[in-house]
Structures are given as structure tokens and as C-alpha cells.
Amino acid sequence: FEKAFGIIKEKIKNVKADENAFFAGARLSNEEMYLVQKLARAGAKTNQIASFHYLDREKGNVKISYENVPFNKIQEASRIYLLGSEINMDNAVVGFMIQNTRFKNNIPVELITNKSNSRMINKVDKLLQIKSYYYFVKALNHYILSNELENKLFINDNCEGFEKYRTNLLKENYSELVKKAGIANELVINFAQNYNKELNAILVFSEKDVSASASSEIYNLVMLTGKLGKTANGIIALKEKNNSQGLFDMGIIPQMGVGGIPMTNKSLIEK
């Protein structure tokens, strides 16, 4: 070990600080992740720290990771939407909670999937077969905005950059978005209207199946409809690995330190 540590130290110190890069995996404990980022930032003096798990995917997943509906609120939902989630195989605990709510409380569960052989097809009340999650959600957002169905009160109080987002999205061709989503226009309209009106809608999606761009549009959808952060309303982003959330909590990302504090924070840098 002494020889190994000597080689590692020599390799790190023989190059400029930012020529080093450190990676931590999503199966490490929080304590191990903390030590990896500490070695990088305090030891090697670099902020080049990341994970292969979220490499170039942070943008769509950081915010959404801190906005999850608590699992114990699933039972209070009026309708549950599964987007690209095979909860019976990949997330058994939350899968049990959703199915328990479905049977005991008679709460409908809808599945939106791009898989023709999804193992959830016979375990839901309604099915929407699509080609692209990203274009599907983007088409929903376009329809909501072009028909002025957004929750203006919620947006004014809680959202930043709305006008810019609205302007950019409405420049896009709605028909093309629907076509790329791989679903009939009337189904998009029906879903958008029903989801918008649903009193306690929880949208569950799996990071394994959904891209970072799609995650961003899902986040926009729940903000546009005013469902984010309300009791038994909003999103549940299901993680792929044992401690995917820990990567964000422990600062395994260039933009954030431990505890989700921005790396621009002076006291954090000094610490």
C-alpha cells in the first residue's frame, strides 16, 4: 500500500491540478463518496470530480432529484402515471406501494412506454404506447402553452425563465413533435388535458429509461401544471443504482459541493 500511495501521489502532483480527474461510483457509501471529493478538492486542489453514472447527464437530473414526492404520499394520489418504469422488476419497494394503492384505494395507474413487451402492461389500468419519451413530454408542454392551459399563479410565484422557455418551445413545430413522439395527436391532447386537471397526480419515471433531456421536460411539465411540491403531487424519479442520490448529496459533481451547496459559495470553498 505504501508503494501504491507513493505512485498515486507522484502522478497527481506531477501535473497541473486540473489535469487530474476523479470519479466516484453510485454504489459507494456516502462516507466513501465524501472522501473521494475531499481527496480531489482539498488534496489535489481540483474541482474535476464526477461519476460515470451521470456523466454529461447532470443538468436534467440534479434539480429533479431534490423534488421527489415522499413515498408515503403515494397512497394519497388520485392517479399515478408510470413513464418508462418497470417497477415490478427494477424498483420493487415503490412498485409494491403503487400496486397496493391501486388495489386498496382503487387508484388508477397509467403506463406510458416505448416498449412493446413491457412487463407492466398487464399491471396497469391504461396504456399509452409511444416511441420517444422526450418528444412526448415536449409535445405535452407545447400543447399546454399554446392553449394557455398553464398554471399562471404557480409559475409567477415559483418559476424562473418561464418566458424564455415559452418563446423557445413555441417556435418548434408541434406536429413534428407529435410525429417524433410516435403517438396520435388526439391522444396527446387527451393526456395533457386530463393530467392538467388531475387533482393529485404523481408521475413516476425511471432514470434508467429516460434521458437527461426528457427529465428536464418532465420537470417543466410539473411546473407548468403547478403540481411540483404540492402534497401527493409531482414526480418520483427512480434511481438506477444503490446510491445514485448520494452522488449529488456528497458533491460528486463539478457544480455542487457536499449538501447540494453551489461551488461558487465562498464559505464552502474556504472549508
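Predicted model: local features only at pLDDT ≥ 70, side-chain atom pairs only at ≥ 80, totals over all residues.

Guide: The residues that make the contact are Phe136, Ala139, Leu140, Tyr143 and Ile144 of α6 and Val188, Ile189, Phe191, Ala192 and Gln193 of α10.

Visitor: At roughly what angle do the axes of α6 and α10 cross?

Guide: The axes of α6 and helix α10 (residues 185-197) come within 9 Å. Angles of 65 to 115 degrees count as roughly perpendicular, and α6 is therefore roughly perpendicular to α10. The crossing angle is roughly 70°.

Visitor: Is α6 roughly parallel or roughly antiparallel to α9?

Guide: Helix α9 covers residues 174-181, and its axis is 8 Å from that of α6, at an angle of about 150°. The contact brings Tyr135, Phe136, Lys138, Ala139, His142 and Tyr143 in α6 against Tyr174, Leu177, Val178, Lys180 and Ala181 in α9. Because angles over 145 degrees count as roughly antiparallel, the relation of α6 to α9 is roughly antiparallel.

Visitor: What is the handedness of the crossing of α6 and α9?

Guide: The two helices pack with their axes 8 Å apart. Their crossing is left-handed.

Visitor: Which residues of α8 make the contact with α6?

Guide: The axes of α6 and helix α8 (residues 162-170) come within 10 Å and cross at roughly 105°. This angle makes α6 roughly perpendicular to α8. On the α6 side the contact involves Lys138, Asn141, His142, Leu145 and Ser146, and on the α8 side Phe162, Tyr165, Arg166, Leu169 and Leu170.

Visitor: Is phenylalanine 162 buried or exposed?

Guide: Phenylalanine 162 lies in helix α8. Beyond its neighbours within four places in sequence, phenylalanine 162 is in contact with Leu145, Glu150, Ile155 and Leu224. Its relative accessible area is 18%; since buried means under 20%, phenylalanine 162 is buried.

Visitor: How far does the backbone oxygen of tyrosine 34 lie from a polar atom of the side chain of glutamine 37?

Guide: Glutamine 37 is found in helix α2 (residues 30-43) and is buried, with a relative accessible area of 6%. Leaving aside neighbours within four places in sequence, glutamine 37 is in contact with Ala42, Ile49, Met250, Gly251, Ile252 and Val258. From a polar atom of its side chain to the backbone oxygen of tyrosine 34 the distance is 3.1 Å.

Visitor: What percentage of the contacts with a separation of 6 or more is between residues 24 or more positions apart?

Guide: The protein has 13 helices and 7 strands, and buried residues make up 47% of its 271 residues. Its C-alpha atoms fill a box of roughly 65 × 40 × 30 Å along the principal axes. Of the contacts with a separation of 6 or more, the share from residues 24 or more positions apart is 73%.

Terms used
Residues numbered from 1 in each chain as written. Heavy atoms only, no water. Helix = DSSP H or I, 4+ residues; strand = E, 2+ residues; numbered from the N terminus. Buried < 20%, exposed > 50% of the residue type's maximum accessible area, 1.4 Å probe, protein only. Polar contact = N/O pair within 3.5 Å; in protein donor to acceptor, adjacent residues only side chain to side chain. Contact = heavy atoms within 4.5 Å. Axes fitted to C-alpha atoms, helices over the stretch in contact; angles between N-to-C directions. Parallel < 35°, antiparallel > 145°, perpendicular 65-115°, else oblique. Left-handed = near helix turned anticlockwise from the far one by under 90°.
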